[in-house]
Amino acid sequence: MKPVEIKKDIFWVGAVDWDSRDFHGYSLSPRGTTYNAFLVRDEKTVLIDTVKSDFLSELMCSVSQACGGEPCIDYMVVNHLEPDHAGCLDTIVERFKPEKIFVSPMGEKALRSFYHNSQDWPLEVVPTGASISIGKRTIQFIETRMLHWPDNMVSYIPEDKIAFCSDAFGQNWASTERFADEVDRGILTRLLADYYANIVLPYSPMVLKTLDALAGMNLDIDMLCPDHGLIWRGKEDVAFALDSYRQFALQKPTNKAVIVYDTMWHSTEKMARAICDGLVSEGVSVRVMSVKHNHHSDVMSEVFAAAAVIVGSPTHNNGILPLVADVLTYMKGLRPQNKIGAAFGSFGWSGECVKILAEHLSGMGMEMVEPAVKVKNRPDHETFQACFELGQKVGQAIKAKLAAA
Ligand code: FEO
């Protein structure tokens, strides 16, 4: 793609990855993604972040065009070391021999362990509060540790009211458009939430602290440039992105539940539907998700949006089915907060499933609704009634949580 001038002499020089589906190795990006890098032309020409190494030639081509045919990079700013943003660092350093490379204190550590040949690189460590002059402009640095890795930082140019915010406020969306105001808002909002649920969620306490710290700095921002997806342009959209993150981080309860299950001979599946009926009878909106048909990334997006998580599995070899274990492991790592949990399942002889499921859910701090329901072989009328009642109880627990919120 050609570079896009997003402000006077500031260019998007990133790459659009239309085919990305396996995002960062564990999550889905069904609409592809972008790797956003930026070039600021002033007395010094500054490259902010790079792209995944597969897209090096596109980055080079864009930098060259943005520089008017004679590519030059005086300074580099490394807001994040994850390889989809710092993947071209060594090639760029070798080719352009920048005078300085600015990186956060944690970024320096990460850089040294990613690039073992970096001993002679002209690194300059910039903690929060540091700023540099690049001519008519300054760049101020703000560390945003654990948003999403320890090394992340935001680079802010006050003269242009623009913040390059790394992983924060990103979305996975390969598009020809560069700005959030050019695309469908409903889809964008959903992708912003999916990204948060699968990438940023465990760091929600840090998100709140960072938002407070940014508010305390009184930065005047009218453009927020994340490393993935669409750029937020204008005060209204910047406020929308900031407020969305605050709401996401607070994880307030909603009138929604998700039932996640796997099944062998359809007993657990039928129980899931009876639990769904019980929830619906209490006015709760429910998603029923078989783990055979839904990737853990999609399940997590629904878990993030729900007040209650009800998990079912048959007993298998004294344990639970592997795809359920996969979802639970993924969910635990993302540390959802403020959830109600419940368990159900079927068994042939030993029947450990519900105990194991309940341990997983309570281990994540979920407020458990009892009794869990389990059935030997096939559910009968009584089992369906017990499942319906479990759904009702979870629905009532959601109502109580909403009333208390
Ligand atoms: Fe695509 Fe943490 O970065």
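This is a predicted model: local features need pLDDT of at least 70, side-chain atom pairs count only at pLDDT 80 or more; totals for chains, interfaces and linings use all residues.
Residues are numbered from 1 along each chain as its sequence is written. Leu211 sits in helix H6 (residues 204-217); helices (H or I, at least four residues) and strands (E, at least two) are DSSP runs, numbered from the N terminus. Setting aside neighbours within four places in sequence, Leu211 touches Leu242, Tyr245 and Arg246, where being in contact means that the C-beta atoms of two residues, placed from the backbone, lie within 7 Å. Trp349 is another matter: Leu211 and Trp349 are 138 residues apart in sequence and 52 Å apart in space, C-alpha to C-alpha.

Zooming out, the protein chain splits into domain 1 (4-250) and domain 2 (257-396), with bounds that come from an automatic or database domain assignment. Their C-alpha centres lie 39 Å apart. Where the two meet, nine residues of domain 1 are in contact with 11 residues of domain 2. On the domain 1 side, strand E5 (27-28) and helix H5 are the elements that give two or more residues, and H5 gives the most, with four. That side of domain 1 divides into five nonpolar, three polar and one charged residue. In this count, Ala, Val, Leu, Ile, Met, Phe, Trp, Tyr, Cys and Pro are nonpolar, Asp, Glu, Lys and Arg are charged, and the others, Gly among them, are polar.

Next comes the packing inside. The largest nonpolar core has 128 residues, and those with the most contacts inside it are Phe38, Ala257, Ile259, Ile275, Phe344 and Val394. A nonpolar core here is a set of buried Ala, Val, Leu, Ile, Met, Phe, Trp, Tyr and Cys residues joined through C-beta atoms within 7 Å. Helix H5 (residues 185-200) supplies the largest share of this core, eight residues. Both domain 1 (4-250) and domain 2 (257-396) give residues to the core, so it lies between them. Take Ala257: apart from neighbours within four places in sequence, Ala257 is in contact with Leu279, Val284, Val286, Ala306, Ala307, Ala308, Ile310, Val394 and Ile398.

Strand E18 (residues 256-261) is mostly covered, as five of its six residues are buried. Six bridges join E18 to strand E19 (residues 285-290), and the two run parallel; two strands pair if DSSP finds at least two bridges between them. Ile259 stands opposite Val288 in E19.

Now for the sheets. Seven strands make an open sheet in the order E1-E2-E7-E8-E9-E10-E11, with mixed pairing. Strand E1 (4-7) and strand E11 (123-125) stand at the edges with a single partner strand each, so one side of each is left without a neighbour in the sheet. The twist averages 25° from one strand to the next, using axes that are lines fitted to C-alpha atoms (for helices, over the stretch in contact) and angles that run from 0 to 180 degrees between N-to-C directions. Within this sheet, four bridges join strand E7 (residues 38-41) to strand E8 (residues 45-48), which run antiparallel. Arg41 has Thr45 in E8 as its bridge partner.

Another open sheet has six strands in the order E12-E13-E14-E15-E16-E17, again with mixed pairing. Its edge strands are E12 (131-133) and E17 (232-233), each pairing on one side only. Strand E15 (residues 162-166) runs parallel to strand E16 (residues 223-226), and four bridges join them.

Most residues other than glycine have a negative phi, and most peptide bonds are trans. Ser166 lies in strand E15 and stands opposite Pro226 in E16, yet its phi is near 60°, a positive value in a residue other than glycine. Ser166 is buried, with 29 other C-beta atoms within 10 Å. Lys161, in the loop between strand E14 (153-157) and E15, also has a positive phi, near 55°. Lys161 is partly exposed, with 15 other C-beta atoms within 10 Å. Finally, the peptide bond from Glu370 to Pro371 is cis, with omega near -5°, and Pro371 is placed in the loop between strand E24 (367-368) and strand E25 (373-376).

Notes: A residue is buried if 20 or more other C-beta atoms lie within 10 Å of its own, exposed if 12 or fewer, and partly exposed in between; C-beta atoms are placed from the backbone.
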